[in-house]
Each structure stands twice: as C-alpha cells, then as structure tokens.
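I set out to look up the aromatic ring contacts in this model. The entries below follow the order in which I consulted them.

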Amino acid sequence: MLALKIIAILLGLTFALFGYFIYFRKKYSLINGFEADMKAGRKNEAYAKRVGMVEFVVGIGILAAGIALIIFV
C-alpha cells in the first residue's frame, strides 16, 4: 500500500506540473510534435491550452487521491 501512495503522489505532481507549465507558462514544446503540427496548421493554441488544462486537472485529482490515501488509510 505504501508503494501505491508514493506512486499516486508522484504521478499527481508530475501531471500537475506538466499541466501548469503547458497551460500557464505556455511551454508548448512539452507536447510531443505540437510545434511541427502547429506550423502545418493541424493544431492551434486552443488545443495546447486544452491539453494543459486536462493534465493540470487530472494531476490535481490524482494528487488529492494520493493525499486522501495517506490520511485515511
């Protein structure tokens, strides 16, 4: 169970940080192939902001679940 707690916390932090950097800091280079797709016109900045927000929200959710595991189990 300890391994599950550690994995949940680390995974949540990773997703939240990547989402933060993509959405708020506009580091779109963290998305694989985004710059090439943007130049080709297949993807735009709205797509990158959606990806960043999804990663941020999922990261916060996993982080909250990990903290809940630590507190209640």
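**Aromatic contacts**

I worked from a predicted model, and I found that the count comes to 6 aromatic pairs.

I looked up Tyr20 and Phe24 next. Their rings form a tilted pair, with 5.6 Å centre to centre and 40 degrees between the planes.

Tyr20 has a relative accessible area of 30% and is partly exposed. Phe24 is likewise partly exposed, at 45% relative accessibility.

I followed Phe24 to its contact with Phe56. The ring centres lie 5.7 Å apart and the planes stand at 85 degrees, so I recorded this pair as edge-to-face. The pair links distant parts of the chain, 32 residues apart. I located Phe24 in the loop between helix 1 (2-23) and helix 2 (34-40), and Phe56 in helix 3 (residues 45-72). For Phe56 I noted a relative accessible area of 23%, which means that this residue is partly exposed.

I asked which residues form one aromatic cluster. They are Tyr20, Phe21, Tyr23, Phe24 and Phe56.

Finally, I looked for a charge over a ring. I found Lys49 over the face of Tyr23, at 4.4 Å from the ring centre. Tyr23 itself belongs to the aromatic cluster.

How values were computed:
Residues are numbered from 1 along each chain as its sequence is written. This is a predicted model: local features need pLDDT of at least 70, side-chain atom pairs count only at pLDDT 80 or more; totals for chains, interfaces and linings use all residues. Side-chain values use heavy atoms; hydrogens and water are left out. Rings of Phe, Tyr and Trp (its six-membered ring) pair if their centres lie within 6.5 Å; planes under 30 degrees apart count as stacked, over 60 as edge-to-face and the rest as tilted. Buried means under 20% relative accessible area, exposed over 50%, partly exposed in between (1.4 Å probe, protein chains only). Helices (H or I, at least four residues) and strands (E, at least two) are DSSP runs, numbered from the N terminus. A charge sits over a ring if NZ of Lys or CZ of Arg is within 6 Å of the ring centre and within 35 degrees of the ring normal.
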